Amino acid sequence: MVSLNTVGRRFESVLVTDQGKAFFGTIEPNSEGRLPSYEISEPRLLLRVDHLAPVSSGDIIKDVVGRRFIVADHDISFTAGQVEYRTHRLFHTNRKAVWERETSVIDPLTQQKRSTGSAQLGEIWCLMEAPQREFSDPQLRVREERLRVVLAQPVELGDILDKMVVRRINPILGVYVAEVQ
């Protein structure tokens, strides 16, 4: 027998976190409005899960066809004081970036920091895309490649992602949005 409480469950799929926790959820398009024709970015999706599902912001999940997504905060739905489900934003990962950090030592003679190279911190799943609009300085006539990176790991200023330096970091919706150059 189908009840109104469980009617939506027939659309759910089995999803898995990178830690191997399986849960049921529905992935659907985010309807925030149409994108302008000059905008080229990965489609934004939403994940709808039961409020007790073992997934939270900052997790990396994989769907039934093998796509990986970064889970971010979005909304909670409740009725009559009871939480019904959670909705998360999903960012489709398009790269497994090499994460490095500069290492340094204090020079015994000058007592100043001296770089000793970089240490690899591992590989991390992320979404790398061009910013919405790229402005160049007309006076300098120099155009620098900048990319927006959405990731789940707390990178720091100066970290290196795929040979590009992190110049800006904003923690948003339980994930990190960085700008690399």
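Strands β5 and β6 pair in the antiparallel sense, with nine bridges between them. The model is predicted. β5 also runs antiparallel to β4, to which three bridges join it.

**Pairing of β5 and β6**
- The two strands form a hairpin with two residues between them.
- Alanine 80, in the turn of this hairpin, has a positive phi of about 50 degrees.
- Threonine 79 has glutamine 82 in β6 as its bridge partner.

**Pairing of β4 and β5**
- β4 covers residues 60-62 and β5 covers residues 68-79.
- These strands also form a hairpin, here with five residues between them.
- The turn contains glycine 66, whose phi is positive at about 95 degrees.
- Opposite isoleucine 61 stands phenylalanine 69 of β5.

**Nonpolar surface patch**
- Ile76, Phe78 and Val83 make up a nonpolar patch on the surface.
- Together the three residues have about 290 Å² of accessible area.
- Valine 83 belongs to strand β6, which spans residues 82-92.
- Valine 83 counts as partly exposed because its relative accessibility is 36%, a value between the limits of 20% for buried and 50% for exposed.

**Glycine 20**
- Glycine 20 is placed in the loop between β1 (13-17) and β2 (22-29).
- Its relative accessibility is 54%, so glycine 20 counts as exposed.
- Glycine 20 and lysine 62 are 42 residues apart along the chain, and their C-alpha atoms are separated by 9.6 Å.

Note on methods:
Residues numbered from 1 in each chain as written. Predicted model: local features only at pLDDT ≥ 70, side-chain atom pairs only at ≥ 80, totals over all residues. Heavy atoms only, no water. Patch = residues over 30% accessible without salt bridge, like charges linked within 9 Å, V, L, I, M, F, W, Y side chains within 5 Å. Areas by Shrake-Rupley, 256 points an atom, 1.4 Å probe, with all protein chains shown as cover. Salt bridge = Lys/Arg side-chain N within 4 Å of Asp/Glu carboxyl O. Helix = DSSP H or I, 4+ residues; strand = E, 2+ residues; numbered from the N terminus. Buried < 20%, exposed > 50% of the residue type's maximum accessible area, 1.4 Å probe, protein only. Pairing = 2+ DSSP bridges.
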